[in-house]
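Dear colleague,

I am handing over the structure below, and I would be grateful if you could look through it before we talk. My notes on what was found in it follow directly after.

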Amino acid sequence: MPELKNITTLPGDGIGPEVMAQGVALLKALASPLDMQFEFSEDLVGGACLREFNIPIREKTYTKCKQSDAVLLGAVGSPEYDNNPSHLRPEKALLGLRAELGVYCNLRPAQLYNILIDASPLKKEFIAGLDLMVVRELCGGLYFGNPSGIENTENGRIGTSTMTYGEQEIRRIAIKAFELAGLRRGKVTSVDKANVLAVSQLWRAVVEEVAGDFPEIELEHMLVDNCAMQLVRYPKQFDIILTENMFGDILSDEASQLTGSIGMLPSASLGAGTPLYEPVHGTAPDIAGQDKANPIAMINSVAMLLHYSFERPQAAKIISNAVEDVLQQGYHTGDIQIEGKLVGTKELGERIIEETLKNL
Ligand code: IPM
Ligand code: MG
């Protein structure tokens with residue numbers, strides 16, 4: 001009997017549905033060769049759900065996600081809701097999902113494919129062989145802290161967001177980062193703002209405590225402003241960047257650009273509940289619905305899903321090699337600056353699937 005897995009797919013907004021179609025096509029193509037069976041259940045989130053139900057995500061969607069083996073998400077966000085209050089913005093669906101699923105550990109690998117070396121804004125010698133992973137805390141910090149809101153006072157409006165971390169929250173993500181470093185090059189750079197923020201001072205202290213249990217891992221602390229600079233100065237110094245939610249949001253976009261295009265980068269969000277996989281990129285409304293989006297971030301997200309949730313690391317590797325092979329053959333979408341043949345989302349996806357199947 002093939003192993004059965006239930007996957008909830010949430011295409012979302014903008015280019016989300018187009019890239020999702022390629023992710024699902026890849027999984028369907030892989031099912032039989034991997035002796036697996038995938039059951040997909042699609043649902044609305046973000047602007048797509050607001051349009052239909054006036055809320056960014058429904059309770060029953062949370063329930064369905066929790067009962068699945070994995071959730072695959074496209075992208076959420078839509079300019080038409082830019083003036084909505086927070087609870088009625090498309091992004092709320094994503095934040096709600098992360099909280100409901102308890103996926104506090106967000107892995108964002110930034111790896112340079114050799115063929116894209118000229119697409120990177122950095123000089124070749126600084127970027128060749130880049131392979132780092134941002135481990136971003138995803139369920140705490142400024143995104144979820146209390147108090148939060150805008151209040152009217154005698155002196156005008158006051159906006160507040162709070163960065164809070166309990167030591168348990170810091171410890172569990174730090175442990176994940178150290179464990180991962182053990183499977184990589186053995187170095188953790190913990191990023192904070194401990195010269196100013198009390199919350200960062202606790203972060204640093206707890207990370208130090210965790211480091212005591214991992215004597216084989218090298219730990220360094222780095223201030224977030226310095227880290228932003230080091231990423232464009234000499235990014236190859238990094239193996240794992242461990243950081244809190246907001247810093248991780250910013251630094252992972254910066255890291256992604258080093259690889260030539262944000263359209264390449266996948267992510268996995270892991271924790272206590274159902275894992276969530278999604279491209280790091282957004283909805284790209286300017287190219288939505290035009291078959292121009294790069295499907296590679298989604299395809300790499302499927303590879304991470306197979307690796308981290310379905311125990312098929314070999315298949316994940318084959319997908320990642322297929323991506324590289326197809327790029328090497330010159331096929332690319334418009335966001336990737338290389339010589340060769342410009343193709344659409346669908347064709348690039350199909351070529352990668354074909355190449356993957358050849359090597360399984
Ligand atoms: C990301 C995105 C989200 C975030 C937005 C869409 C809420 O930028 O996943 O990096 O800030 O976490
Ligand atoms: Mg972001």
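The shell around ligand 1 draws at least three residues from each of domain 1 (1-113 + 261-360) and domain 2 (121-258), the domain bounds coming from an automatic or database domain assignment. Please bear in mind that this is a predicted model, in which local features need pLDDT of at least 70 and side-chain atom pairs count only at pLDDT 80 or more, while totals for chains, interfaces and linings use all residues. Residues are numbered from 1 along each chain as its sequence is written, chains are lettered from A and ligands numbered from 1 in the order in which they are written, and side-chain values use heavy atoms, with hydrogens and water left out.

The residues that surround ligand 1 are E91, L94, R98, R108, R136, Y143 and D249, where a residue counts as near if one of its heavy atoms lies within 4 Å. By class, this shell holds five charged residues, two nonpolar ones and no polar ones; Asp, Glu, Lys and Arg count as charged, Ala, Val, Leu, Ile, Met, Phe, Trp, Tyr, Cys and Pro as nonpolar, and the others, Gly among them, as polar. Helix α4 (residues 91-101) gives the most to the shell, with three residues, helices being DSSP runs (H or I) of at least four residues and strands runs (E) of at least two, numbered from the N terminus.

Which side chains have a polar atom 2.7 Å from an oxygen atom of ligand 1? R98 has an N or O atom at that distance, and R108 likewise has a polar side-chain atom 2.7 Å from a ligand oxygen, whereas for R136 the value is 2.8 Å. The protein covers 78% of the 320 Å² of accessible area that ligand 1 has on its own (Shrake-Rupley method, 1.4 Å probe).

N146 and P147 are joined by a cis peptide bond, with omega about 0°, and P147 lies in the loop between β5 (131-137) and β6 (149-153). D35, in the loop between α1 (16-31) and β2 (36-42), has a positive phi near 55° although this residue is not glycine.

With best wishes

Methods. A polar contact is a pair of N or O atoms within 3.5 Å; within protein, one must be able to donate a hydrogen and the other to accept it, and residues adjacent in sequence count only if both atoms are side-chain atoms.
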